[in-house]
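Please open the structure in a viewer and keep the selection panel at hand.

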Amino acid sequence: MKAKVLALGVLLMAVPLFAHHGGASLYDMSKEVTLDATVTEYQWTNPHVEIGLDAKDNKGKVRHWIIEANSPPVMANKGWNRKSLQPGEVIKITFNPSQRGGSVGRFIKLVKADGKEMLRG
Amino acid sequence: MRNRLRWSAVWLLGILGFISGCSANKGGKPTSQVPDLSGIWLGKGIQSLSPSDPMGHKRPGTEGDIPYTPWSIARMKAQRPATGPDQDFAKTTDPALRYADPDGYPRASIHPMRFKIVQTPDSIYQLWEYNKSWRQIALNRPHSEVPDISWFGESVGKWEGDTLVVDSIGFKDSTWLDPIGHPHTEDLHMIERIRRVDPETLVFNFTFDDPKAYAKPWNGELTFKLKTDGIMTETIYTISDELSFRQRFLNEKPTIPIRPSP
């Protein structure tokens, strides 16, 4: 587990925190949330790719989230395209939560049902 | 006789040296052939042109290498960039984010996407992936008598050995030089020295001369690496995109109706 945390730390340090959308003024970069979720929408759009999802909270109530990834060209460099996710897919997703509350987040990584891991570009 | 031969040899070597100097620059390349800058290039994703603080961690005025005037430091402190120690994306005054204005130059090259250089005998073009924008550097000609004021300025260039020297004026003063918000006026005079220091690396050295904004000329540098994979993509960022983003992620009410989906 320690190795996983360390590896993620190294990964985050290696990715430049570009000024634009998804910066530290919007998201708490020191926190990570991981959810088992179902994709409800996937928008390959500007300024940043958006992933909509439903996930159950601790009480079993379904909560809707919107997760901001990176810009399409940067995501494409990591192997993403406009069909990388489909509504209805079950995923495990990790993101930084919002500083301002609300069900939004900054994408870090996800694991698909077949075990394939996809990272932020 | 021996002296005459010696002087003849010296004279001949001198002539050969002169001819050699005419046909080759310091890099050993014939002057009839200029360096090839063409290719797709990607920068490091810096936030500030301050050489001592490229990631923009320091507050304006504490960098130590930017000679602000009272006008420019006041302007810097009044801005709210989306990067740096005082970043505030939600209330940013960054015109490239708030209004989806063009980045202008040199900020276009700081955006973390690629640009392509296309080289012709009379002009060199930079084509940016972001917002599909471009800039022309006209070679071996003077500036216009009354240059227009434009987002990317008017640029003329000439080769000095292996270095492309570019002189630019006529910049619209609403753009920021970099994401942290270094300002400039319409009087900005920018000199670039562009050199391919090795096959994989392109270096732009800038001198910014803008007396109202900076007490003396100062220097910045951008370095780019050659990208041989992939093709240039379309990434056009519009005010509609920004309003939609703010509605979805910041729960802001759009100031104008967002374009409906077809």
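The following stops cover each chain, the contact between the chains, and the nonpolar cores.

This is a predicted model, in which local features need pLDDT of at least 70, side-chain atom pairs count only at pLDDT 80 or more, and totals for chains, interfaces and linings use all residues. Residues are numbered from 1 along each chain as its sequence is written, while chains are lettered from A and ligands numbered from 1 in the order in which they are written.

**Chain A**

Select chain A, which has 2 helices and 6 strands; helices (H or I, at least four residues) and strands (E, at least two) are DSSP runs, numbered from the N terminus. Along the sequence their pattern is α-β-β-β-α-β-β-β. Of its 121 residues, 36% are buried, a term for residues with 20 or more other C-beta atoms, placed from the backbone, within 10 Å of their own.

Colour chain A by pLDDT, the predictor's confidence in each residue, from 0 to 100. The mean for chain A is 84, and 82% of its residues reach 70 or more. Next select residues 1-19 of chain A, where the pLDDT is below 50.

**Chain B**

Now select chain B, with 5 helices and 9 strands. From the N terminus these elements run α-β-α-α-α-β-β-β-β-β-β-β-β-α. Buried residues make up 31% of the 262 residues of chain B.

**Where the chains touch**

Show both chains: 21 residues of chain A are in contact with 25 residues of chain B, contact meaning that the C-beta atoms of two residues, placed from the backbone, lie within 7 Å. On the chain A side, β3 (62-68) and α2 (72-76) each give two or more residues. The largest share, 4 residues, comes from α2(A).

**The nonpolar cores**

A nonpolar core is a set of buried Ala, Val, Leu, Ile, Met, Phe, Trp, Tyr and Cys residues joined through C-beta atoms within 7 Å. In the largest, of 22 residues, those touching the most other members include A:I51, A:L53, A:I67 and A:F107. Elements supplying at least two residues each include β1 (33-43) of chain A and α5 (239-249) of chain B. The most, 4 residues, come from β5(A).

Centre the view on A:L53. Leaving aside neighbours within four places in sequence, the contacts of A:L53 include A:V39, A:W65, A:I67 and A:I93.

Finally, select B:W41, B:F152, B:L164 and B:F224, which are among the members of a second, separate core of 20 residues.

Methods
A residue is buried if 20 or more other C-beta atoms lie within 10 Å of its own, exposed if 12 or fewer, and partly exposed in between; C-beta atoms are placed from the backbone.
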